[in-house]
Amino acid sequence: MPQIYDYDDYDRCVAGSEDAVYCVARSVIKPDQESSLWRLIEHITNDTRRNFRHDHLDRGFCVDRCRQLVDSLDRQTAEDLFVTKFDIPFPYIISSDAFNNVTGDRERYGRLINICQNYALRQYNLSAYTEIEYCTGPQRTTPIDGLDISFLVISALIVVLVIGSTWYDHHTSKQLGNEHYKKDLPCRKTMVLTSFSLVRNWYRLVSRSKDQLNEDLKFFQAIRFFTFCLVVVGHCGDLFTATSFANTYDRESEYSNPLAHILINGSLIVQSFFEMSGFLLSIHFCTNQAKMKKISWAAIFVTVAYRYIRLTPAYAFILLLHATWLPKLQNGPFWPRGAEVERNLCRRNWWTNLLYVNNYVNADEPCLQQAWYLACDYQLFTVGLIILVTVTKYKKYVVHIFSVSGLIAILIPSLVVYFNHFDGVFLVTLQAERFIYWFDEMYHKIYIPFHTNIGCYLGGVVYGYLYYRVRTSDNKGNRSGFLKFLWYMTVPCAMLTLMLSMIFYTNNFEKPSVWIAMFFPLHKNAWALFGAIVLYGIIYNYNRFVKSVVNFPLFVPLGRLTYCAYISHVFFLKNFFYGSREIGYFSQVSMYTKVISVIVASYILGAIVALTLEFPISALQKHLLSKQLEKISKPEPPKENNNVSPPSA
C-alpha cells in the first residue's frame, strides 16, 4: 500500500532559491473495485477503530520538482493523470481559512500537485484526488504587526514591574535577611508595591504552609505533578500521529495489544484532575464557611469573579504568545500546520478562551486546544460552588442534594451516548488523532463539555465534604485489612478498567443500546471511586514509603507550578513536533525523549510566568480585594485549586 506519510526533502527544495515553494497536500485515493490493492486498502480502512485510513494520504511536494516532472510529460498523459474531486465521505483536510493565502496557492499549484501525485501512484495502479492544504517557503514569513508589538510591550512592562518591585522590596528590608521576604508587611500599600517582587514570589513558591489542613494535603502537589506528566505523554502520542512517522503499522498493531490500551485510553486521567479540583474546592469552602456566620448567594458570583481574575492574566499572556511570535520561531514542512493555524485561530477565537466557553463555542477551531480543560474546570467550579452553597443553606437536605446531583451526573452522559449512537468509551482513533480530534464528533459532544464531566468532579466535592466532617474526629481512619487490600488493588484495577475499553475497539456493537449508554458514565466515573480510595489511603498513611515519596519537598513547588506549566506545554509540543524537518520513526524511546523535553521546558516557562504574573496577581487580589470579599461573607476561594491541568486533548 502507499505510505500514509511521504514528503519531499524540504531543505533540498528550498536550498539556493528564496522563491522556492513547498506545498503540503492531502490525497484521497479514488475507489477502484477492479484493483485488488484497492480492495485491500478498503478492507483495512474499514476497521476505523484500530487502523489509519489508508486511502487518505499526507504528502509534501517541492513545486519545482513537480513542475519539472509535469513539463516532461506529454499533454495527453498529463490530462489523463489529473483527477477531479469526487464524493469524499469523511473530513480529509483542514479548512483553508485556517492558513494564509491558500486560495491563491491552489489556483497556481493545485493542478500541478494533483498530476504529480498521480504520477507517483501509477506504480500502484491507483489514482487520487489531491488538494493543497497550505504552501510554505523561505519568503513566506508572517509580517510583524501591531499585535506582535503589543506582546513585546506587555512583556517589557512586566519586566519593569518585576525589577521595580524587587528593588523596592529590597529597599524596604530592615536587616531581617530572607525573613523579610517570607512575611507580609504591616502596610497594605507596601505589600501592593511589592506584589511583583521576584524574591518574595520565589518564597511564595517554595514556602511550606503553616496551616495543618494544607500540610495534611500537601501530597496533592505530587499527584498534580505526576498527573501532568501523564497528560504530556498522551499529548505527545497524539502529535506523533498528527505530524508524521514512517512505521504506521507499529502504531496500528498497538491497538491489538491489551497492555497498550492503558496508554491509548489514558485520556481518563483527566478525571483525576477534576476529582482533585472538586475535593479542594469542598475542603476550602467548608474551612472558610466555618469561620463565617452566613453564606450568601452573592458569594458565588464574587468567588467566580475572584477566580477569573487570578487565573486569566497568565492564561492570556500565553494565548497572546501563540497569537503573535510562535509562527516566527521556526519553519519547515509541518510548521504552518502547527503554528500558523494556531496564530490565525487564536486571533479569531481568543474571546472564547478568555470567557472560558471554548469547549462549546467554536470548539472545532481551537486556540490553545488544551484549554478546553480550563473552560470545563471553570464551569465545574461554578456548579460545585452552587451545590456547596445549597447544602450549606439547606443542611437537612444534604443527602438529597448530593444524590440528585449524582443521578444527573450519570443520566446526562448516558443520554448523550444513547441518542448519538456513541460507543461505551471515548474512542481514541488514529484517524481522529491526525486532526487532533478537530473533526471527531465524540470529542465535541462527550469529551470536552462540562455537562458530561460532572461525575468525577462531584465525587471530589462529596469526598471533600465528608473528609472535612470527619478529619477532626478520626485521626487514624479505617485501617481494616480489607480496606488496605482494596487500596493496594486500586492501581491494578484502574489499569484493568483502561484495558476493558478494548472491547469497543474490537467490536462494533449495535447502537443505540441501553447497556452501552449506562456503561459509559459508570466506566468513566469509576475513576472517582479509585481516586477516593487512593486519597483515603495516602491521607491515613496506609504505606509509609508512598506517603514519604508524595510528601517529598520538591513536589510542593512543582505542584504549585502545574497550572502555568500546563498552559505552557503546548507551546513546546508545537516546537518539538511541528518543527521537525523530516518524517520520524515512532518508538517508545523517541516519544519519551520528547516527553521529558516538553515537561522540563514547560516547567521552566511555567516558573517564569508564575513568578512574574500568576503569583503577583494573586498577591494583588489578596491585598486589594480581601476586605470587599469579607463584607459579603464570602468563603475565600481555594488557594491552589487553580493549579490543575488535563488533556487531551
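What is the torsion about the S-S bond of C13 and C62, and is the disulfide right-handed or left-handed? The torsion is about 85°, so the disulfide of C13 and C62 is right-handed. The legends below concern a predicted model, in which local features need pLDDT of at least 70 and side-chain atom pairs count only at pLDDT 80 or more, whereas totals for chains, interfaces and linings use all residues. Residues are numbered from 1 along each chain as its sequence is written, and side-chain values use heavy atoms, with hydrogens and water left out.

**View 1. The disulfide of C13 and C62.** The structure holds four disulfides, a disulfide being a pair of cysteine sulfur atoms within 2.5 Å. One of them joins C13 to C62, with an S to S distance of 2.2 Å. The pair links distant parts of the chain, 49 residues apart, with C13 in helix α1 (residues 10–14) and C62 in strand β3 (residues 56–62); helices (H or I, at least four residues) and strands (E, at least two) are DSSP runs, numbered from the N terminus. C13 and C62 are buried, where buried means under 20% relative accessible area, exposed over 50%, and partly exposed in between (1.4 Å probe, protein chains only).

**View 2. The disulfide of C66 and C116.** The sulfur atoms of C66 and C116 are joined at an S to S distance of 2.3 Å, and with -75° about the S-S bond this link is left-handed. C66 lies in helix α3 (residues 63–71) and C116 in helix α5 (residues 102–121), so the pair ties together parts that are 50 residues apart in sequence. C66 and C116 are both buried.

**View 3. The disulfide of C346 and C367.** The sulfur atoms of C346 and C367 are 2.0 Å apart, and the link, with 90° about its S-S bond, is right-handed. Distant parts of the chain are linked here, since C346 is in helix α16 (residues 335–354) and C367 in the loop between α16 and α17 (372–393), 21 residues apart. C346 is buried at a relative accessible area of 1%, and C367 counts as buried at 2% relative accessibility. When the bonded cysteines of the protein chain are numbered in sequence order, the pairing is 1-3, 2-6, 4-5, 7-8.

**View 4. The cysteine C376.** The closest cysteine sulfur to that of C376 belongs to C456 and is 11 Å away, which is too far for a bond. C376 is buried, with a relative accessible area of 0%.

View 5. Leaving aside its neighbours within four places in sequence, K218 is in contact (heavy atoms within 4.5 Å) with R208, N551 and V556.

View 6. I144 is found in the loop between β4 (128–136) and α6 (146–172), and at 53% relative accessibility I144 counts as exposed. The domain assignment, with bounds from an automatic or database assignment, gives domain 1 (5–136), domain 2 (146–203) and domain 3 (220–619) for the protein chain. The centres of domain 1 and domain 2, taken over C-alpha atoms, are separated by 55 Å.
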